[in-house]
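Look at the structure below and keep it in view while reading. The text takes up one part at a time.

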Amino acid sequence: MSATTEKRRVTCIVCPSGCRINVEIEGGKIIEISGNQCKRGADYATTEVTQPMRVLTTTVRLENGRLLPVKTSHPIPKALLFDAIKELSGVVVKPPVKMGQVVYSNVAGTGVDVVATRSWD
Amino acid sequence: MQNRELVIIGGGPAGLSAAVEARRLGIEDVLVIDRESEPGGILKQCIHTGFGLHIFKEELTGPEYAERFIRKAEALGVEIMLDTMVIELTSDRRIVAVNGREGLVEIQAKAIILAMGCRERTRGAIKIPGFRPAGIFTAGTAQRFVNIEGYMPGCEIVILGSGDIGLIMARRLTLEGAKVRCVVEIMPYSNGLTRNIVQCLEDYSIPLLLKHTVVNIHGKKRVEGVTIAEVDDEMKPIMETAQFIPCDTLLLSVGLIPENELSRMAGIEIDDVTGGPVVNQRLETSVPGIFACGNVLHVHDLVDFVTQEAMEAARGVASYLADGGKKYDHIPVTAGEGLRYVLPQRINVEAMTGEKQNFFMRCARPMARARLYVESERGVIESRLLSHVKPSEMISIKLGRDELKGVKMLKFILQEEGDKIECND
């Protein structure tokens with residue numbers, strides 16, 4: 001029985017070249033990376049196909065009914081973005097809030113904080 | 001009538017950056033007028049990251065970028081007049097503004113910086129046929145609804161135009177539970193940053209249909225769908241390719257227009273290509289003592305460049321206040337082949353505010369590798385190799401006073417080079 005080869009395509013965003021990188025995966029392991037012009041592209045593609053990470057930005061409610069813009073203090077796994085959004089939809093914050101203040105901890109079990117991206121008196 | 005030293009119209013990133021720099025340069029009396037109840041301009045609703053990579057060397061959200069400048073402005077004693085709309089501007093630098101506290105306010109300024117920003121092109125500007133139901137928004141209006149007011153504009157969405165705001169909204173609406181059917185772009189290339197194509201569309205498997213446009217809008221009360229079609233090389237729809245896409249919302253991300261009603265009122269010369277004022281080396285318009293920076297001057301893709309330009313306008317004001325509005329002759333700066341425009345449109349080398357002059361330009365089409373030539377009446381005085389130029393990404397270059405000394409004209413030309421591509425940083 002031969003292991004199935006999966007082909008993934010990643011657009012590199014490390015520099016303006018925007019290389020289209022092809023990644024071949026066999027049995028969960030990367031066996032070939034092509035289309036990149038430099039090592040940074042290969043590293044980027046590796047992260048993208050194994051554990052892509054993103055900073056999530058969204059809003060939570062303030063007690064006064066207005067919206068408070070927030071972000072995760074670090075990137076979280078891309079696969080957990082929707083779980084994080086869902087969890088944050090129930091969060092209500094009491095003003096005053098300072099920019100950078102933690103308004104929610106361990107979002108979607110990632111251990112990452114969610115912080116306010118503006119102050120509110 | 002109030003007498004003020006420097007009045008800045010608009011409290012967005014351009015106005016705030018100019019105000020901060022003006023105070024740093026020792027201009028005592030700096031007043032910023034803004035029509036909204038909070039300063040920060042459009043950054044307030046741009047809750048995504050990607051701001052500040054050049055200025056702060058870190059990736060900030062829009063509100064964070066704005067708050068840093070608001071704090072600096074406050075710490076430096078900049079006065080910000082909010083909820084105030086400037087309704088009149090004259091060529092002798094008189095301003096009439098109106099607000100609910102004082103009624104009409106008349107101000108005589110020694111110098112003025114225009115920082116009114118831009119607004120979005122609407123359906124009328126691109127003449128889409130069809131009914132006129134509810135559910136058609138510009139992307140920025142939808143962004144305000146979602147991020148500031150807390151309303152969803154719809155559930156099933158088609159986005160026309162691949163400008164950055166449209167791409168950002170495709171992701172934002174998807175995260176908030178809407179289904180974005182596709183992004184339709186009439187050009188053969190996207191008008192957004194590559195980073196946004198990847199992180200806003202590819203991340204969520206949202207199709208980007210290049211060389212396509214919306215040819216009909218359906219629905220009487222509410223949008224029920226749109227017909228899209230491929231376009232030919234003359235951008236004419238190929239009706240055989242038309243297909244119906246059901247949706248309840250159409251977002252338009254089809255370009256921005258510098259907001260120059262006040263500039264025109266003051267008789268300021270406007271450039272047909274940029275849609276903003278014609279300016280000189282210190283970003284002074286054709287009316288002495290009135291300067292311009294940011295999106296009112298020309299539409300930017302990065303806020304960091306807006307800040308840099310606004311700081312240049314503040315230096316311009318400082319030099320104007322110092323030389324008492326002395327008259328200078330200018331040499332013309334023009335855009336040749338391969339470029340849409342170059343700013344500033346005219347310069348006086350002797351009166352440059354620094355040792356180097358910044359030139360901002362936009363290319364006419366994407367090129368993998370191109371050479372930028374700077375020509376004077378004596379021939380080519382400078383050339384630079386550029387890689388991956390795109391109309392959506394502004395080109396900025398600096399030329400030194402020595403290179404420019406004695407020249408009678410400047411012309412910038414961008415020529416595509418062979419297909420050998422180097423990897424750059």
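Predicted model: local features only at pLDDT ≥ 70, side-chain atom pairs only at ≥ 80, totals over all residues.

The crossing of H4(B) with H5(B) is left-handed. On the H4(B) side, the residues that meet H5(B) are Ala139(B), Gly140(B), Ala142(B), Gln143(B) and Val146(B). Their partners in H5(B) are Ile165(B), Gly166(B), Met169(B), Arg172(B) and Leu173(B). By class, this contact has six nonpolar residues, three polar and one charged.

Now turn to helix H1 (residues 13–24) of chain B. From its first C-alpha to its last, this helix of 12 residues reaches 16 Å, close to the 16 Å expected at 1.5 Å a residue. Is H1(B) mostly covered or mostly open? It is mostly covered, with 11 of its 12 residues buried. A residue counts as buried if 20 or more other C-beta atoms lie within 10 Å of its own. The buried residues of H1(B) include Leu16(B), Val20(B), Glu21(B) and Arg23(B). Among the elements of chain B that cover them are strand E1 (2–9), helix H2 (62–75) and helix H8 (303–323). After H1(B) comes Gly26(B), which has a positive phi, near 95°.

The last step is the place where the chains meet. Here 22 residues of chain A are in contact with 20 residues of chain B. On the chain A side, strand E5 (57–62), strand E6 (67–72) and helix H2 (81–88) each give two or more residues. That side of chain A has 10 nonpolar, nine polar and three charged residues.

Notes: Residues numbered from 1 in each chain as written. Chains lettered and ligands numbered in written order. Contact = placed C-beta atoms within 7 Å. Helix = DSSP H or I, 4+ residues; strand = E, 2+ residues; numbered from the N terminus. Nonpolar A, V, L, I, M, F, W, Y, C, P; charged D, E, K, R; others polar. Expected span 1.5 Å × (residues − 1). Left-handed = near helix turned anticlockwise from the far one by under 90°.
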